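Subject: The structure, and what turned up in it

Hello,

Here is the structure I promised to pass on. Have a look at it first, and then read on for what came out of it.

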Amino acid sequence: MHDVTDLQAVKAAHGVPDALQSCHTAVVDGYVVEGHVPAADVRRLLAERPRAKGLSAPGMPPSSPGMDIPGTPYEVVLFGAPGGDRVWARH
């Protein structure tokens, strides 16, 4: 973990599109994980290893892990793939 004062610079350096940004940015085994992405989605990413920059749970979905306000569906997006961004999982 690294505390930084300019998170926008970190997001830009890792190619996180503005529309997919969230509150946290992590790099896991070469992939960017943006926001409150469920652990199961990260495990799937690491198992399947698609050609992409990473995953994002854009914004701060209320029912995502750590937010814990059930009832609001949200999507996790695979971004930076050769064919474009796509929905990776729906929760």
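Helices (H or I, at least four residues) and strands (E, at least two) are DSSP runs, numbered from the N terminus. Please keep in mind that this is a predicted model, in which local features need pLDDT of at least 70 and side-chain atom pairs count only at pLDDT 80 or more, while totals for chains, interfaces and linings use all residues. Residues are numbered from 1 along each chain as its sequence is written, and side-chain values use heavy atoms, with hydrogens and water left out.

Let me begin with the whole chain. It has two helices and five strands, and their pattern along the sequence reads α-β-β-α-β-β-β. The C-alpha trace spans about 35 × 30 × 20 Å along its principal axes. The radius of gyration is taken over C-alpha atoms, and the globule rule is 2.2 Å times the number of residues to the power 0.38. For 91 residues a compact globule would come out near 12 Å, and the chain agrees with its 12 Å.

For cover, I use buried for under 20% relative accessible area, exposed for over 50% and partly exposed for anything in between (1.4 Å probe, protein chains only). By that rule, 35% of the 91 residues count as buried. Accessible areas come from the Shrake-Rupley method with a 1.4 Å probe, and for residues only the protein chains shown count as cover. The accessible surface of the chain is about 5300 Å², with 56% of that belonging to carbon and sulfur atoms. Contact means heavy atoms within 4.5 Å. Of the contacts between residues at least 6 apart in sequence, 34% join residues at least 24 apart.

Now to the strands. Two of them pair if DSSP finds at least two bridges between them. E1 (25-28) and E2 (31-35) are antiparallel partners, with four bridges, and Val28 has Tyr31 in E2 as its bridge partner. Their hairpin has two residues between the strands, and Asp29 there has a positive phi near 50 degrees. Most residues other than glycine have a negative phi. Asp29 is exposed, at 55% relative accessibility.

E2 also pairs with E3, this time in the parallel sense and again over four bridges; there Val32 stands opposite Gly54 in E3. E2 is mostly covered, with five of its five residues buried.

Glu75 stands opposite Arg90 in E5. Six residues lie between these strands, and Gly80 has a positive phi near 75 degrees.

- Val77 sits in strand E4 and is buried, with a relative accessible area of 11%. Its C-alpha atom is 5.2 Å from that of Ser56, 21 residues away along the chain. Beyond its neighbours within four places in sequence, Val77 is in contact with several residues, including Leu20, Leu55, Pro58, Val87 and Trp88.
- Ala81 is in the loop between E4 and E5 and counts as buried at 17% relative accessibility. The C-alpha atoms of Ala81 and Ala52 are separated by 4.0 Å, with the two residues 29 apart along the chain. Leaving aside neighbours within four places in sequence, Ala81 is in contact with Arg51 and Ala52.
- Ser22 lies in the loop between helix H1 (7-13) and E1, and at 13% relative accessibility it counts as buried. Not counting residues up to four places away in sequence, Ser22 touches Lys11, Glu34, Gly35, Ala57, Gly59 and Met60.
- Arg49 is in the loop between helix H2 (39-48) and strand E3 (54-57). Arg49 has a positive phi near 50 degrees, in a residue other than glycine, and is partly exposed at 40% relative accessibility.

One last item concerns a ring. A charge sits over a ring if NZ of Lys or CZ of Arg is within 6 Å of the ring centre and within 35 degrees of the ring normal. Arg44 lies over the face of Trp88, at 3.7 Å from the ring centre.

Best wishes
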